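Trainee: I am new to this structure. Please take me through it in plain steps.

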Amino acid sequence: MGNVNQYISFDWAMKHMLRDKANFDILEGLISVLTRENVKIIELLESESNQNDSTDKFNRVDIKAKNDKGHIIIVEVQLTRQLYYLQRILYGACKAITEHINIGEKYDQVKKVYSISILYCDYGQGDDYVYHGETRFKGLHTGNDLLVNMKEDGVIVQHLPREVFPEYYIVRVNVFDKMPETPLDEWMTYLKTGMVKEDTRTPGLQQVKEKLRLMMMSPKERRAYDEHMDNIMVQNDVLDTARDEGREEGLAEGRAQGRAEGRAEGRAEGRAEGRAEGRAEGRAEGRAEGRAEGRAEGIKDMVLNMVEKGLPNDLICQIAGISETEIGNILSKK
């Protein structure tokens, strides 16, 4: 890769630096490389506030911007796994659309939205590190795309529906594992490692080299940055430990209980309905019940582990997939 230097992590830069108009060129470079379009950001739009307190470890970081074509671009960094993430980014895109059209305006004022999710957590299964989603209207029988007429500057022109509907990019940073060969690979390397090639010519990364060097931070900024990085490592360790412990304990207990109950029920039903059929049904039901109880025990142990480590209830709900009422029931039966 040639000579490299370490630079400020992208999630920190998103929260503290890229909101400065002087640094828009960094964000423009990433979006241009990702979408393969020349993107020029003209302003940041009001978006969900982000706390700056160092204890706010699980708060997401996002930017909502408008480019020179009037399109809305949402860029979000997600540090921890979250249930129903696809539903959340869909809601975010729809909300951006409705926020930027007023009652009484014509529908031609609906804005095109690009939603870019940069994930530093395990999400989904696939053999690529970047996924692109768009809405297409294809003929049920022919497979051809539908073209629709629209009015632009007094002229009727044809467009594909995907030019109107939101587009989504999911960037899975953790699964990227290759030597950079393309501009997108170079961006992925920076997102994952904080490293940039000294001789890079990739849009945005040249500006990263100029503006985001760690050594340019003041001592106070460096202390806050180091604390932020430590918090990320702690949160990931807590979540991984809780998830692994709960999974292993649940599987072990489920297997043991399933085998025992399967044998017992198999013998009882076998006496009544025949040894062969009884064994099969007993084992099947035993395994099902054992797995269910094992999963319940696993969730219980995982919840207790996360509570002991001080995780907030809303995050425990997201990870374990249960309600706060169920958390209360688990704690009351400790």
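Mentor: A definition comes before the surface. Patches are made of residues with over 30% relative accessible area and no salt bridge, where like charges are joined within 9 Å and nonpolar side chains (Val, Leu, Ile, Met, Phe, Trp, Tyr) within 5 Å. Accessible areas come from the Shrake-Rupley method with a 1.4 Å probe, and for residues only the protein chains shown count as cover. A salt bridge is a side-chain nitrogen of Lys or Arg within 4 Å of a carboxyl oxygen of Asp or Glu. This is a predicted model, in which local features need pLDDT of at least 70 and side-chain atom pairs count only at pLDDT 80 or more, while totals for chains, interfaces and linings use all residues. Residues are numbered from 1 along each chain as its sequence is written, and side-chain values use heavy atoms, with hydrogens and water left out.

Trainee: How much accessible area does the nonpolar patch on the surface have together?

Mentor: The patch is formed by Phe 137, Leu 146, Val 164 and Phe 165. Phe 137 sits in the loop between strand 6 (130–133) and strand 7 (148–152); helices (H or I, at least four residues) and strands (E, at least two) are DSSP runs, numbered from the N terminus. Together the four side chains' residues have about 320 Å².

Trainee: Why does Phe 137 count as partly exposed?

Mentor: Buried means under 20% relative accessible area, exposed over 50%, and partly exposed in between (1.4 Å probe, protein chains only). Phe 137 counts as partly exposed because its relative accessibility is 38%.

Trainee: What share of the residues of the chain count as buried?

Mentor: The chain has nine helices and 10 strands. Of its 334 residues, the share that count as buried is 40%.

Trainee: Which residues of helix 8 are buried?

Mentor: Helix 8 covers residues 313–320, and Gly 321, with a positive phi near 75 degrees, follows it. An α-helix has 3.6 residues a turn, so residues three or four places apart point the same way. The buried residues of helix 8 are Leu 315, Ile 316, Cys 317, Ile 319 and Ala 320.

Trainee: Which residue stands opposite Lys 151?

Mentor: Two strands pair if DSSP finds at least two bridges between them. Strand 7 and strand 8 (residues 155–159) pair in the antiparallel sense over five bridges. They form a hairpin with two residues between them, and Asp 153 in the turn has a positive phi of about 50 degrees. In strand 8, the residue opposite Lys 151 is Ile 156.

Trainee: How many residues apart are Lys 211 and Asp 25?

Mentor: A search of the whole structure finds 10 salt bridges. One of them joins the side chains of Lys 211 and Asp 25 (3.0 Å, N to O). Lys 211 is in helix 5 (residues 205–211) and Asp 25 in helix 2 (residues 24–35), so this pair links distant parts of the chain, 186 residues apart.

Trainee: Is Lys 64 buried or partly exposed?

Mentor: The side chains of Glu 99 and Lys 64 meet in a salt bridge (2.6 Å, N to O). Glu 99 lies in helix 3 (residues 85–99) and Lys 64 in strand 3 (residues 61–67), so the pair ties together parts 35 residues apart in sequence. Glu 99, at 42% relative accessibility, counts as partly exposed. At 8% relative accessibility, Lys 64 counts as buried.
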